Amino acid sequence: MNSRNQQLFDRAQEHIPGGVNSPVRAFRSVGGTPRFFVAGAGARVTDADGTSYIDYVGSWGPLILGHAHPEVVAAVREAALAGLSFGAPTESEVDMAELLCQLLPSLEMVRLVSSGTEATMSAIRLARGHTGRDLLLKFEGCYHGHSDSLLVKAGSGLLTLGNPSSAGVPADLAQHTLVLDYNDSEQVVAAFQAHGERIAAVIVEPVAGNMNLIAPRPAFLQTLREECSRYGAVLIFDEVMTGFRVGPQGAQGLYGITPDLTTLGKVIGGGMPVGAFGGRREIMSSIAPLGPVYQAGTLSGNPVAVAAGLATLRLLQAEGFHEQLAARTRSLCDGLAAAAGRHGVPFSAQSIGGMFGIYFRPACPTSYAEVMQSEQQDFRRFFHAMLAAGHYFAPSAFEAGFVSAAHSADDISATVAAAAEIFRLW
């Protein structure tokens, strides 16, 4: 009971289900006591016991500049002094919409919301309303938020808890969601041949990040584009995690595939709750008040949150920003893999932009089934050993990790050195 983290967790469990407000925070898959953080600066966080960690979670992706970047904090402070919320239009919303459409050529129109879940839920409703069809096609292990249509063989915290579907989702609703294997182009073609006239939309993480990091095979995303175009379905890229993380134009720019709709979150909020969905003008014109598909939100475009997002997006336009971020992330993965290899530990790692995945298996996985072949007990052992050494990774073997611009070469070297010592004693 000397641990302040433990004291807080005990208190939390009295009034918060599981002691946490998002399931993966509970450390259920790795065991032990969650860390309650009290401060973050740059690449480091400090917990309630005063212990400092090099952070590779980054609030699950949005902190691409690191914690408490001074220019982001200044923008938030200035916006807050002018008012916390209006429930009415503000100029900053227009600035954000213009900037997003400038940065992502697939966006002709965009609407701001308050979370990634809200963005994907709204995009799917829009796709169904625009096409007049009901069937949604998604991929096993991909997580697109916790709306009912999407909690069918999902990833993220659901996969971590060993429960890839959720109670409370009506069977009548779930039957409108068709689930295929990620990276399997042949299944996609077959599904469209069987159901193409009923498919409203395909939603995909173009780089999967919620069953750990899975890179798309070369033909996979192109097949999605071709089949959606052939059958008149809406292709939705869920770039909540990959948007501005894997490159300056997200995964769609990196792979040269143009979706019909894109959902965004994480980075565009700069650490505060902002999401967005947008795409072709023809489709977006079906949203109220222009069209019959209803979507609303009192806090959508909140001026304080938008200020954080705008400051972040403008800073990451600096020349060479993404190249340097990608190089630093690669150095982490290469260093960890080399350290494991020297000591005979079955291990692999890969990165795309500022996202990375580590796996306790000899080769990087390409599918949900291969992810499940990773040694989860080895991950738990590694996680706790690294935590004790002052390095905070996601508390789940099924989550991607994140490097920020604030991570220095010395931070990466320290992390690799700590892992090498752990692998030496493996």
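**Ground rules.** I worked on a predicted model, where local features need pLDDT of at least 70, side-chain atom pairs count only at pLDDT 80 or more, and totals for chains, interfaces and linings use all residues. Residues are numbered from 1 along each chain as its sequence is written, and side-chain values use heavy atoms, with hydrogens and water left out. I took helices (H or I, at least four residues) and strands (E, at least two) as DSSP runs, numbered from the N terminus.

**Entry 1: H12 on H15.** I looked up helix H12 (residues 321-342) against helix H15 (residues 409-424). Their axes lie 9 Å apart and the packing angle is about 20°. Axes here are lines fitted to C-alpha atoms, for helices over the stretch in contact, and angles run from 0 to 180 degrees between N-to-C directions. H12 is therefore roughly parallel to H15. Angles under 35 degrees count as roughly parallel, over 145 as roughly antiparallel, 65 to 115 as roughly perpendicular and the rest as oblique. I then listed contacts (heavy atoms within 4.5 Å). From H12 they include Leu332, Leu336 and Ala339, and from H15 they include Ile412, Val416 and Phe423. By class I have ten nonpolar, three polar and two charged residues. Ala, Val, Leu, Ile, Met, Phe, Trp, Tyr, Cys and Pro count as nonpolar, Asp, Glu, Lys and Arg as charged, and the others, Gly among them, as polar.

**Entry 2: H14 on H15.** Next I took helix H14 (residues 376-388). Its axis comes within 10 Å of that of H15, and the two cross at roughly 125°. That makes H14 oblique to H15. Phe382, Ala385 and Met386 of H14 meet Thr415, Ala418, Ala419, Ile422 and Phe423 of H15.

**Entry 3: H7 on H8.** Helix H7 (residues 185-195) and helix H8 (residues 220-231) cross at roughly 10°, with axes coming within 9 Å. H7 is thus roughly parallel to H8. Val188, Val189 and Phe192 are among the H7 residues in contact, and Leu224, Cys228 and Tyr231 are among those of H8. The classes are seven nonpolar, three polar and one charged.

**Entry 4: H11.** How many residues of H11 are buried? I found eleven of its 13. Buried means under 20% relative accessible area, exposed over 50%, and partly exposed in between (1.4 Å probe, protein chains only). The buried residues include Val304, Leu310 and Leu313. Among the elements covering them are helix H2 (70-82), helix H3 (91-103) and strand S4 (109-113).

Entry 5: Serine 285 sits in the loop between helix H10 (281-284) and H11. Serine 285 is partly exposed, at 29% relative accessible area. Leaving out residues up to four places away in sequence, serine 285 touches Met109, Leu290 and Gly291. Proline 289 is in the loop between H10 and H11. The peptide bond from alanine 288 to proline 289 is cis, with omega near 15°.

**Entry 6: positive phi.** Most residues other than glycine have a negative phi, and most peptide bonds are trans. Phenylalanine 27 has phi near 65°, and asparagine 212 has about 80°. Phenylalanine 27 is buried, at 2% relative accessible area. Asparagine 212 is buried too, with a value of 2%. I placed asparagine 212 in the loop between strand S7 (199-204) and H8.
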